[in-house]
Amino acid sequence: MDPGAPLRCVRDDVADGATARQIAMIAAFFERLNETQGLNFSVFYDAFDRSRFLTGLWTTSYICVVAILASLLLGLLGVWVAGSGSRLGRLLVRAYVQFFRNTPPLVQLSFFYFAVGGLLPTVSDGFGGQSPLVSGTGWAIIALSLFAGAFNVEIFRAGIEAVPSTTVEAAESLGYTRLQLYIHVVLPLAFRICLPALNNNLVNLVKTTTLAYAIGVPELLYAASQIWSESFNVREMMNVLLVTYVLLVAVLVFVMGRWERAMRIPGYST
Amino acid sequence: MASRHQLGEPVVVVAGVEKSFGSFKVLKDVGLIVRRGETVCIIGPSGSGKSTLLRCINGLVPISKGSITVAGREVNDPRLDKLSLRRDVGIVFQQYNLFPHKSALQNVMMAPIHVLKQDKAEVEERARRLLAKVGLSDKLASYPGELSGGQQQRVAIARSLAMNPKVMLFDEVTAALDPETKKEVLVTIQDLAAEGMTCILVTHEMGFAREVADHVYFTDGGLIVEHGPPAELFGAPREERTKAFLDKVL
Ligand SMILES: Nc1ncnc2c1ncn2[C@@H]1O[C@H](COP(=O)(O)OP(=O)(O)O)[C@@H](O)[C@H]1O
Ligand SMILES: [Mg+2]
């Protein structure tokens with residue numbers, strides 16, 4: 001869980017000749033833009049700012065990917081337990097969904113970081129100091145996964161309810177157990193039905209990662225704010241930030257679109 | 001006509017079965033026997049509990065009272081392995097209920113692979129054979145949404161047959177089809193019956209029932225009003241209610 005690690009591979013000295021030349025050209029352009037127009041896009045020419053920004057981008061991407069996967073798992077687990085016929089299980093899932101759906105994600109995040117995190121023991125960091133058991137990034141992932149997972153439970157439930165009972169009955173009459181029924185029939189159909197809603201929720205999750213700023217996680221917004229408070233380029237950094245999020249969401253939407261197309265069934269419309 | 005007793009041993013025995021949904025009694029003291037190799041038709045007005053009876057036979061719906069045995073096993077014994085029951089009882093529904101996300105071939109292969117854990121190559125060979133038998137060799141890769149109603153219904157029949165059931169239940173399987181496609185499905189069922197498959201057919205096709213059935217049951221209001229060989233039941237019904245029903249539908 002070291003979000004800084006893979007950065008090494010994007011450092012200039014590792015890039016091959018052609019890429020290095022391109023980077024140098026871009027840097028020269030933005031340096032001139034700063035000198036002539038006073039538009040200071042420091043992340044494009046200043047190695048330090050760029051590295052900070054890329055660390056932020058990496059951290060945000062990392063939180064997004066892990067939280068998306070974890071929230072999908074939580075959603076699946078939630079509908080499974082809620083539908084298993086155990087009263088206690090159903091109650092627990094309902095409580096979970098209600099709690100995370102009806103409270104602000106920023107409060108959830110603070111709750112985990114300050115209240116829960118404060119209760120956990122610290123561990124030796126190997127340099128004679130003590131560091132928390134779960135890092136800020138760790139808490140951000142946990143809180144955001146739970147937050148998005150609660151919505152995923154509801155989304156999957158709606159999708160599963162939309163699978164015709166007659167199709168379920170056909171599988172049951174062929175001897176499918178509940179688990180087999182879910183894996184081979186219900187979930188593949190429910191997934192297709194709920195993809196649009198799932199899309200929305202995951203896009204929302206990507207945007208919600210900015211809340212991790214509040215607990216000092218070095219994600220994109222945090223990196224940007226550090227840069228603009230030192231380079232005095234708030235307006236420029238705001239633009240960079242917005243465009244970066246647009247691109248991040250575009251990547252997600254592209255992946256989801258590919259997935260949706262891969263799952264399209266000939267002659268079947270949901 | 002062969003006497004019923006010359007046929008095989010009983011495969012399905014329904015005795016004194018009652019079924020209520022809440023306070024509404026759908027089945028009131030229903031009894032019937034189906035022997036191995038026999039084709040039994042159940043006719044009767046809509047809402048008389050025919051579908052419910054079929055669903056009770058393969059344990060999709062629990063009964064309130066009475067007993068149903070399939071191949072000697074009590075369906076409502078809580079210790080009964082539902083899987084082994086459903087493996088013995090194939091059911092085909094009015095609305096086909098194919099798996100829409102799988103091709104025709106996959107629809108037929110799924111249960112033997114997932115449920116019976118049979119070898120994939122063997123299952124595929126059998127599935128191809130079954131689909132050829134119902135006349136769909138050229139539609140193996142088609143998805144349900146790309147098939148006509150009659151074609152879908154024949155895939156559904158092949159899907160049930162792939163489990164090698166001891167008895168096949170058909171619930172108004174041609175009711176949603178137009179007259180032409182109806183025929184192709186009926187021919188498929190007729191071939192099956194001729195090969196010795198034990199079949200219970202709920203149907204509104206009186207001509208078909210008369211032709212293929214060894215025995216016909218007439219139900220009304222959750223009761224078996226009358227039963228007998230088709231020639232007797234259609235030719236000389238004893239009960240007023242049977243007469244009235246046949247007058248309406250024939
Ligand atoms: N799951 C159910 N819950 C409540 N009532 C039902 C259910 N299934 C069937 N019924 C009722 O039972 C009666 C018989 O239904 P059914 O067995 O489908 O009759 P048929 O197939 O002879 O037309 C109908 O009045 C129907 O409304
Ligand atoms: Mg019916």
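Colleague: Which relative accessible area does B:Lys25 have?

Modeller: This is a predicted model in which local features need pLDDT of at least 70 and side-chain atom pairs count only at pLDDT 80 or more, while totals for chains, interfaces and linings use all residues; side-chain values use heavy atoms, with hydrogens and water left out. Residues are numbered from 1 along each chain as its sequence is written, and chains are lettered from A and ligands numbered from 1 in the order in which they are written. Buried means under 20% relative accessible area, exposed over 50%, and partly exposed in between (1.4 Å probe, protein chains only). B:Lys25 is partly exposed, because its relative accessible area is 36%.

Colleague: With which residue does B:Lys25 meet in a salt bridge?

Modeller: A salt bridge is a side-chain nitrogen of Lys or Arg within 4 Å of a carboxyl oxygen of Asp or Glu. At 3.3 Å, N to O, the side chain of B:Lys25 meets that of B:Glu18.

Colleague: How many residues apart are B:Lys166 and B:Asp88?

Modeller: B:Lys166 and B:Asp88 form a salt bridge whose closest N and O atoms are 3.5 Å apart. The pair links distant parts of chain B, with B:Lys166 in the loop between helix H5 (149-161) and strand E7 (167-171) and B:Asp88 in helix H2 (residues 82-88); helices (H or I, at least four residues) and strands (E, at least two) are DSSP runs, numbered from the N terminus. B:Lys166 counts as partly exposed at 45% relative accessibility, whereas B:Asp88 counts as buried at 8%.

Colleague: Why are B:Lys243 and B:Glu240 separated by about one helical turn?

Modeller: The two residues form a salt bridge, with their closest N and O atoms 3.5 Å apart. B:Lys243 is partly exposed at 31%, and B:Glu240 is exposed at 58%. The separation is about one helical turn because both lie in helix H9 (residues 240-249) of chain B, where they are 3 residues apart.

Colleague: How many disulfides does the structure hold?

Modeller: A disulfide is a pair of cysteine sulfur atoms within 2.5 Å. The sulfur of B:Cys41 is 9.0 Å from the closest cysteine sulfur, in B:Cys199, and is therefore too far for a bond; B:Cys41 counts as buried at 0% relative accessibility. Over all chains, the number of disulfides is 0.

Colleague: How much of the accessible area of ligand 1 does the protein cover?

Modeller: Oxygen atoms of ligand 1 lie 2.7 Å from a backbone N or O atom of B:Gly47, 3.0 Å from one of B:Gly49 and 2.8 Å from a polar backbone atom of B:Lys50. Ligand 1 has 560 Å² of accessible area on its own (Shrake-Rupley method, 1.4 Å probe), and the share of it that the protein covers is 60%.

Colleague: Which element gives the most residues to the shell around ligand 1?

Modeller: Among the residues that surround ligand 1 are B:Phe21, B:Val26 and B:Ser48, a residue being near if one of its heavy atoms lies within 4 Å. The shell divides into 3 nonpolar, 6 polar and 1 charged; here Ala, Val, Leu, Ile, Met, Phe, Trp, Tyr, Cys and Pro count as nonpolar, Asp, Glu, Lys and Arg as charged, and the others, Gly among them, as polar. With 3 residues, the element that gives the most is H1(B).

Key
Polar contact = N/O pair within 3.5 Å; in protein donor to acceptor, adjacent residues only side chain to side chain.
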